[in-house]
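Hi there,

Here is the structure I promised to pass on. My notes on what turned up in it follow below.

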Amino acid sequence: MSTRRNFLKHGIFAAAGLSLLTQARMVEAAALSNKVVIFLFLYGGNDGLNTIVPMDQYATYQQLRPTLQIPQSKLLVPPGTQIGFNPGMTKLYDRFVNKRDVAVLNGIAMPQDSVGLFAHDACQYVYQTCDIRQTTRTSGPEGWIGNYFDTLTSTPNLTGIDLGGSPLPLQNSDYVPTSISSINDFYLTPSFDTQALQAAYSGVMNVPAANNVVAEYNRTTRVQALADSAVVRQSTSGYMATVTYPSTSLGNSFKNCAQLLYGDMGVRAVTIGAGGWDTHQNQNAGASSTALGSHDRLLQGVSDCIDAFFTDLENLGLADNVLLITMSDFGRNATENADRGTDHGYSSVAFAVGKMVQGGIYNAYPSLTALAYTNKLNIRSDFRSVYATVAERFLGASSSLVTGGSFPLMDFL
């Protein structure tokens, strides 16, 4: 690995109006590949079976889901297919049918010999690092996108940005990504004496912490954060959304993501997260013949945000080199439980979205009769095949360096 000086931060220190990146750093950023990966993680374990329903196994599905089954009349079935999109996913369904820029990846899971199957924290770690043995958990974990960053000749500070997903997929031994809650919060809180406050803070931070390694590291990260804050706020100040994003935390994250790409600062990967997917009880409360249930609404939120994001990028002329990948902790059991919910499962459905995506359905849907672990959907593709495909066919990087092994590529790219 190359050695790089990257004192990056977790986004809580910053100020507007300070010096911009040096000319050298701007050239450095421009020299990188302009491909951008958006990694959306659904925290809690999304129920893939009620996200994409296998129409050719619908009778078995009804038996497994006596109260959670989605009526056929509500499912969104693309012409000529044997799958039904959840009724909340109208926007993603429309892109799948009309724009052909959505890939449905069935049966995605980690291998059965992975450490920590069915445990949230363990599975999140594995999906974000590709370290199925979790051997590096305490010794400096590296994310799968961070592994790609390690192949670059240079990694400017703003190459990877965490917008509430997790910094882990973006980091490596030399690089810690920037984490911010929103662009508007990425600066010192203004007050009646904002300019004096900024000057005083900058002055204090410019004094080296002699003979104290921890304090000096803290100082340098704050100094870098101040500079990066100014770059971000100035570079993105001209952004105006061309669509109305959902008025949710997830919608704000996607809007901020579009704003960052508009700023053209060398951002090459962004992580975004959405919570609420651990649906053990009352998974689809409120569902009726005319109303969406709670899980349906979660999927609606994701679908609406993805569509708004890509429509915005298309309107701004920024969509050509952007790829979005979704993952979740795991799927849910094929059988519902006594609390009208579903417990931790195994494989689930993932999505790839973007102009370079070969829209369609990938992998046969897992059998609802030949289940893994008694009641869990079985695997069709190792999740690392998804990342390997992204590496080889989108980023032009070695898939083995990104995933740590050799895995069959998929045809969605």
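In α4, the residues A122, C123, Q124, Y125, V126, Y127, Q128 and T129 are buried, where buried means under 20% relative accessible area, exposed over 50% and partly exposed in between (1.4 Å probe, protein chains only). Helices (H or I, at least four residues) and strands (E, at least two) are DSSP runs, numbered from the N terminus.

Before going on, a word on the source: this is a predicted model, in which local features need pLDDT of at least 70 and side-chain atom pairs count only at pLDDT 80 or more, while totals for chains, interfaces and linings use all residues. Residues are numbered from 1 along each chain as its sequence is written, and side-chain values use heavy atoms, with hydrogens and water left out.

Back to α4 (residues 120-129): eight of its 10 residues are buried, so the helix is largely enclosed by the rest of the structure. The cover over those buried residues includes β1 (36-42), β4 (102-109), α5 (144-149), β8 (322-328) and α10 (383-395), with contact meaning heavy atoms within 4.5 Å. Just after α4, C130 has a positive phi of about 70°.

**Strand β7**

Strand β7 (residues 269-274) has six of six residues buried, so it too is largely enclosed by the rest of the structure. A269, T271 and G273 are buried on one side, and V270, I272 and A274 on the other. β7 pairs with β1 in the parallel sense over six bridges; two strands pair if DSSP finds at least two bridges between them. Strand β5 (residues 160-162) also pairs with β7 in the parallel sense, over three bridges. Opposite T271 stand F39 and D162.

**Nonpolar cores**

A nonpolar core here is a set of buried Ala, Val, Leu, Ile, Met, Phe, Trp, Tyr and Cys residues joined through side-chain atoms within 4.5 Å. Which residues touch the most other members of the largest one? Of its 60 residues, they are I38, F85, F254, I272, I306, F309 and F351. Helix α9 (residues 294-316) gives the most to this core, with eight residues. Another core, of 45 residues, lies apart from it and includes M110, Y175, I325 and V386.

**Helix α3**

In helix α3 (residues 90-99), the buried residues are L92, R95 and F96. They pack against β3 (83-85), β4, α9, β9 (348-353) and β10 (360-362). Just after α3, R100 takes a positive phi of about 55°.

Happy browsing!
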